[in-house]
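Reader: I am new to protein structures and would like to learn how to read one, feature by feature. Could you take me through an example slowly?

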Amino acid sequence: MKTLVIQLARLGDILQTLPALSAYCRANKKESVHLLVRKKFAEIAHILPVCNKVIEMDTKVLLEPTIMTGDAGVEDSLQAMQQWVDQLVSEGYTKIINLSFSPFSSYLTSLLTTEGVEVVGYTRHTDGFLAIPDDASAYFYGQVGVNRSNRFHLIDLFSSILGVEILESDWNIKKITNKDKSQGYIAFHVGASNPKKALSASALTKLLKVMVGSLNEDIHLLGAKEDIALAASIEQQVCNKKIKNLVGKTTLTDLIDVVAGANLFIGADSGPMQICNLTDTMCINFSNEF
């Protein structure tokens, strides 16, 4: 038995897939389970391994000919895609589980499905129309549909589609929950996966001024390289020794360690927020209605 689990969403979705995938691998020890993710977000799947193999989809290789040369490169992109799909088919998967609720993932699942392969999650009928073979995915589609808000916690959704019950041990994917929290600092993520989810620079500055004046803990600012200017501006305006600016300076492994060691994580709905699930870190999500 060989199973391919497809998760082509972003970092946060992969993090929320891991506990459910851990439960699936625990319950199906005789299966060889492979996880397919986008290369851009694959690092977390390697840092926190839960299955037999991680397969990376390199979208740059697949799409670059079309992006760089337009219509003239479409044939090259299609050829690269066909070669990649053929490699996956040659793995001989007996089961494909699609945890990505996207048109592309449904077409990819359909391309990878050969006779006798069991499919769970979005796929396509032979005429190209959307096919949803399992009840959990169908219920999600019926409730959420397209471009509407999701009312389900993704971890619950993924575990339902995988048909597993998550145990406490499935959260302890790596020995990160025993991180010493005696240093007493607060991790504060200034960015977000989507700018609309984040607070404005002025709001962040006001909030941090109140925090440094009211709390004893140091505050470690976190963020990606694109947040460096924002963090520098905030640091300059708050001007307090309690602020430790780590924005753009952490690897993904460093980020996990910082979140694991924090007494509290504050930030928007994003990948770093989802790390808290795996590190047993208390968190406050300040994302707005969006």
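This is a predicted model: local features need pLDDT of at least 70, side-chain atom pairs count only at pLDDT 80 or more; totals for chains, interfaces and linings use all residues.

Reader: What can be said about the surface and the charges of the protein chain?

Author: The protein chain exposes about 15200 Å², of which carbon and sulfur atoms supply 51%, while 46% of the 290 residues count as buried. There are 27 positive and 31 negative side chains, and the centres of the two sets lie 7 Å apart.

Reader: Which residues have the most contacts inside the largest nonpolar core?

Author: The general idea is that in soluble globular proteins, nonpolar side chains tend to be buried together. In this model the largest nonpolar core has 48 residues, and those with the most contacts inside it are Leu21, Leu35, Ile44, Leu48 and Ile97. Among the elements that give two or more residues to this core are α1 (11–27), β2 (32–38), α11 (252–261) and α12 (271–279), and α1 gives the most, with 9 residues. If you select Ile97 and set aside residues up to four places away in sequence, you will find that Ile97 touches Thr3, Leu4, Val5, Ile6, Tyr24, Val120, Ile161 and Leu162.

Reader: Why is α12 described as largely enclosed by the rest of the structure?

Author: The reasoning rests on a cut-off, since a residue is called buried when its relative accessible area is under 20%. In α12, 8 of the 9 residues are buried, so this helix is largely enclosed by the rest of the structure. The buried ones are Gly271, Pro272, Met273, Gln274, Ile275, Cys276, Leu278 and Thr279, and what covers them includes α1, β8, α11 and β12 (283–285).

Reader: Is Phe286 buried or exposed, and which residues is Phe286 in contact with?

Author: Phe286 lies in the segment after β12, and because its relative accessibility is 14%, Phe286 counts as buried. Leaving aside neighbours within four places in sequence, Phe286 is in contact with Phe188, His189, Lys197, Ala198, Leu199, Leu204, Ile266, Gly267 and Ala268. Gly267 is 19 residues from Phe286 along the chain, yet their C-alpha atoms are separated by 5.9 Å.

Reader: How should I read the phi angles of Cys239 and Asp280?

Author: As background, most residues other than glycine have a negative phi. Cys239 is not a glycine, although its phi is positive, at about 50°, and Asp280, again not a glycine, has a positive phi of about 55°. Cys239 is in the loop between α10 (228–238) and β10 (243–245), whereas Asp280 is in the loop between α12 and β12, just after α12.

Reader: Are Cys239 and Asp280 buried or exposed?

Author: Exposed is the word for a relative accessible area over 50%. With 65% relative accessibility, Cys239 therefore counts as exposed, and Asp280, with a relative accessible area of 62%, is exposed too.

Notes. Residues are numbered from 1 along each chain as its sequence is written. Side-chain values use heavy atoms; hydrogens and water are left out. A nonpolar core is a set of buried Ala, Val, Leu, Ile, Met, Phe, Trp, Tyr and Cys residues joined through side-chain atoms within 4.5 Å. Buried means under 20% relative accessible area, exposed over 50%, partly exposed in between (1.4 Å probe, protein chains only). Helices (H or I, at least four residues) and strands (E, at least two) are DSSP runs, numbered from the N terminus. Contact means heavy atoms within 4.5 Å. Accessible areas come from the Shrake-Rupley method with a 1.4 Å probe; for residues, only the protein chains shown count as cover. Lys and Arg count as positive and Asp and Glu as negative; His and the chain ends are not counted. The place of a charge is taken as NZ of Lys, CZ of Arg, CG of Asp or CD of Glu.
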